[in-house]
Amino acid sequence: MSTLSGPRGQRTPIRPARVLLHTFLVVTALAWLAPLLWALLAAMRPYAETSAKGYVSWPDKLTLDNFTNAFQQSDMLHYFGNTLLIAVPAVLLTLLLSSMVAFYVSRFDFRLNLFLLLVFTAGNLLPQQVIITPLYRLYLLIDLPGITMSGKLYDSALGLVLIHVAFQSGFCAFVLSNYMRSLPHELTEAALVDGASVWRLYWQIVLPLCKPAMAALATLLSIWIYNDFFWAIVLISTGENMPITSALNNLSGQYFTDPNLVAAGALLTAIPTLIVYFALQRQFVSGLTLGANKG
Amino acid sequence: MTATPAKAPEPATQPAPGPAPTPTPAKAPHGHRRLLTRRDRLTLGLMAGLPTILHVALVWLTALASIALAFTTWDGIGFDSITWVGLQNFRELFTSNPQFWPAVEHNVIWFVVLILLPTPFGLFLAVQLDKKIRFSRVYQTAFFLPVVMSLAVIGFVWQLIYNPDTGLINSIIGANKPGHYIDWIGDPDLNLWAILIAASWRHAGYMMILYLAGLKSVDPALREASALDGANEWQTFKNVVFPTLRPTNTVVLVVTIIEALRAFDLVFVFNKGAQGTELLSILVTNNIIGESSRIGYGSAIAVVLLVISLAVIIPYLIATFRKERRA
């Protein structure tokens, strides 16, 4: 939050233009939050009350019952678990693989590097539907008996992890390679002269220096992967195996039988992202703009 | 964000990558190579090779397979049943698919609406919030909140507003009684616009953040000079600030195009792409998980999507990387 008036320690005189601006911003911000507040209100009212009095009415009773019901009836914990099982390995693997590519591209100027980066970033920008038909067939063709529950890459957490990693590593490799190039290369040069291996160079010298960028990317990736809807809708066939965001679609027909429960279920699904966002807002925003603007 | 990367993200909703803010050193370290042992070279090969293989296999080979399959018919059972049919899928798509041209039109409308309404609004918000006002962070958080949430959740939240029986709008205007229904989700003349409002709601916050970052890099001295010259706020913005935002504008344009091509989740949650909300992405998906799995035909739609995407992505990336090299 911005401080009062800086080093002079005086309050700036209240100007009409500023008042107008704040009024505008308050009104707009509230309008922006309105859909969410409306959902929150619906989620906190008993269905019996809203169906009797209509949704636009003064609430008599506000409870968290819908939240507990939505959570228990649909076994949401199970789906959160599914998400965790997919998102954690996917984020870690993406960061590991993309930082390795970035390390190679930024520290060892082989002719390939621009081309490699181009391939990675272009791939990341493609709409997912461009590749989904063959990917779906490929996942059906790959048999993994004993490795995944379904015996195939299709309908497995492993399949989702792999496509997340493949797809997201483009953006991360790009951001990280820019970041690594800003590190002085005397740093690694000296270590190489001292006989350090390439792996040590990467793991003990370069990677620790990339912590800020890695933290930003980890935040961003967690939210993106958590929020993914499409991959799981197509690549997972058993409702039970879906991560929470995609499961929402099935649950809303089966368990969330009235709008109040739907609202509660949707808001419960949003909570983890909101927690991450509020806790790590700076990392999230810097990650988002890291790749997107030139200073 | 997507990603889209954004997708950014695709995105997606994904943000598009661009050059990072840090300037790069003049030369990459050629000298490193001389010091490498054989084992080092092997390590390096694996470090660069494994991720590349994974990425190329799952993203680029499948994209190529989409192109190849677009010229065939295949029922998905065994490779023997793949038959080369030339341009037939495309001919059928362009001439006799009643959903194709509406889908193209809707994707275009999606882009036009996003670039004309929420994008300038996001820029406007960014300019206001960049004025060193109090509570700037609080306002930013409010506007940015929708960007953090998944499009699926957004779809469910907005259905509470649009539902013909119980939704906010119809309840307020009294259109929730039989005979007076306004069906925001089912009516093919209304549903796309209803969904676009929800999409714009999210897009504005995203654009605001991108522009705020861009505005931070505008040299304050430029603004001061302009103010000293007697320019008012609007003139300063138009003649000084906006032109220096050019790199951000490019990113914003690319991100918005990609978002428009990627649009899927919201529509799928709303009405699965029923009449009025057909999109290319929806048509492709329906060809996989729908009743009739026509692989070749679905791939032909994907190829249309691919061609449009690459027409945007490649020039953008080439320009970006060229600038990188000069830096």
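## Helix packing between the chains

Helix α13 (residues 259–279) of chain A packs against helix α6 (residues 151–162) of chain B at an angle of about 150°, their axes being 9 Å apart, and α13(A) is therefore roughly antiparallel to α6(B) (the term is used for angles over 145 degrees, taken between N-to-C directions on a scale from 0 to 180 degrees, with axes fitted to C-alpha atoms over the stretch in contact). Helices here are DSSP runs (H or I) of at least four residues, numbered from the N terminus.

In this pair, A:Pro259, A:Val262, A:Ala263, A:Ala266, A:Thr269 and A:Ala270 meet B:Val153, B:Phe156, B:Val157 and B:Leu160, where contact requires C-beta atoms, placed from the backbone, within 7 Å. By class, the contact of α13(A) with α6(B) holds 9 nonpolar, 1 polar and no charged residues (Ala, Val, Leu, Ile, Met, Phe, Trp, Tyr, Cys and Pro count as nonpolar, Asp, Glu, Lys and Arg as charged, and the others, Gly among them, as polar).

## Basis of the model

The model is predicted, with local features needing pLDDT of at least 70 and side-chain atom pairs counting only at pLDDT 80 or more, while totals for chains, interfaces and linings use all residues. Residues are numbered from 1 along each chain as its sequence is written, and chains are lettered from A and ligands numbered from 1 in the order in which they are written.

## The contact as a whole

Chain B contributes 100 residues to the contact and chain A contributes 98 residues. On the side of chain B that touches chain A, helix α1 (residues 38–69) of chain B gives the most, with 19 residues, and that side divides into 65 nonpolar, 27 polar and 8 charged residues.

Key:
Contact = placed C-beta atoms within 7 Å. Helix = DSSP H or I, 4+ residues; strand = E, 2+ residues; numbered from the N terminus. Parallel < 35°, antiparallel > 145°, perpendicular 65-115°, else oblique.
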